[in-house]
Amino acid sequence: MSRRMLVTGGAGFIGANFVHYWTQHYPDDMIVVLDVLTYAGNRSSIAALEALPNFEFVHGSITDRDLVTGLLQKNELDTIVHFAAESHVDRSIEGPAAFIDTNIIGTLTLLEAAREVWLKGDGVPHRFHHISTDEVFGTLTHDAAPFTEQHPYQPNSPYAASKAGSDHLVRAWFHTYGLQVTTSNCSNNYGPYHFPEKLIPLAITNLLLGKKVPIYGDGKNVRDWLYVEDHARGIEAILNQDEVGGTWNIGGNNEWNNLDLISELCRALDNAFSEDPGWKSKYPHCPAANGALCADHREFVSDRPGHDLRYAIDASLLRNNLGFEPKIQIQAGLQQTVSWYLKNDAWWRPLAAS
């Protein structure tokens, strides 16, 4: 049975990768992407999909109740996959109001539009899938057990607090109104189409432009890294099962501290230049183009306020119940990511300059 799906934030990093994955694997499904195209939304990320007969892009905000309701009704949509969010912790520290507006008010607007359209009268079969983050659980010590789905919420940044609030709304709309919801809490994603303010794309683009790679504090903060296509596969597994009302962790089984991660990325970039000397003429300012090691171009900068020490995901529920395992380990994922940025400078150069 084909789906008719609204993907919010589908021109952003994870959303764009998800719609690429979904259109490839479910070509008969209809996808409507709704994206307000903030600085982190890039329509060129999904431009190749707009010629597809079952694909539509709509420029607009998830806080526009009339727009969302109209899209659900006009297209007879039966599924929402909700990626749209402000997500950069540093920006949430500098300007938290935008995070409350998008992440909490925007999610409320979607839930209310879905309730109006899908629960009217006898109701219609539907699914509202909400994308969240491991940051809602707070921080872990280096020797603590990873986050399970039952871990208490302890958000430490305005971003994490806004996502925690949206998670609670989704849960409440299931228990109070019967909206058929699922939620997934993912670890740090990386891969193609990633806006170059986050650690991995920032490191790649800075090095290609001959700039230093900034590392907060001592570089010992630990994250679990999930290749973005594996994240799409995890969401697929959740959407294709019938249990609603619960949450699922999606992790990469790849815990790395920032310093070691950047060292591994630098090796991948050095190797790419060694294997294809043609990159030297395209990126003449990259250390690897001039016989230097990219790892020597790291610099330590002041730590950010409230910087969580460690995130780690226990994804055994998804593995044991739905058979999901990430396919891409960090070395292969970094090589693929580096290769994508080397080949797609027309996509990232205007963003790196902004």
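Analyst: Contact means heavy atoms within 4.5 Å. This is a predicted model, in which local features need pLDDT of at least 70 and side-chain atom pairs count only at pLDDT 80 or more, while totals for chains, interfaces and linings use all residues. Residues are numbered from 1 along each chain as its sequence is written, and side-chain values use heavy atoms, with hydrogens and water left out.

User: Which residues does L342 touch?

Analyst: Leaving aside residues up to four places away in sequence, L342 touches L208, L269, A272, F273, W279, K282 and Y283.

User: What makes a set of residues a nonpolar core?

Analyst: The set must consist of buried Ala, Val, Leu, Ile, Met, Phe, Trp, Tyr and Cys residues joined through side-chain atoms within 4.5 Å; buried means under 20% relative accessible area (1.4 Å probe, protein chains only). The largest such core has 38 residues, of which L208, L269, F273, C286 and L342 touch the most other members. Its largest share, nine residues, comes from α8. A second, separate core of 27 residues includes F57, L226, I235 and W248.

User: Why are β2 and β3 called paired strands?

Analyst: Strands are DSSP runs (E, at least two residues), numbered from the N terminus. Two strands pair if DSSP finds at least two bridges between them; β2 (residues 30-35) and β3 have five, in the parallel sense, and therefore pair. Within this pairing, I31 stands opposite F55 in β3.

User: What is the order of the strands in the open sheet?

Analyst: The seven strands run β3-β2-β1-β4-β5-β6-β10, with parallel pairing. β3 (55-59) and β10 (247-250) are the edge strands, as each pairs on one side only.

How values were computed: Helix = DSSP H or I, 4+ residues; strand = E, 2+ residues; numbered from the N terminus. Buried < 20%, exposed > 50% of the residue type's maximum accessible area, 1.4 Å probe, protein only.
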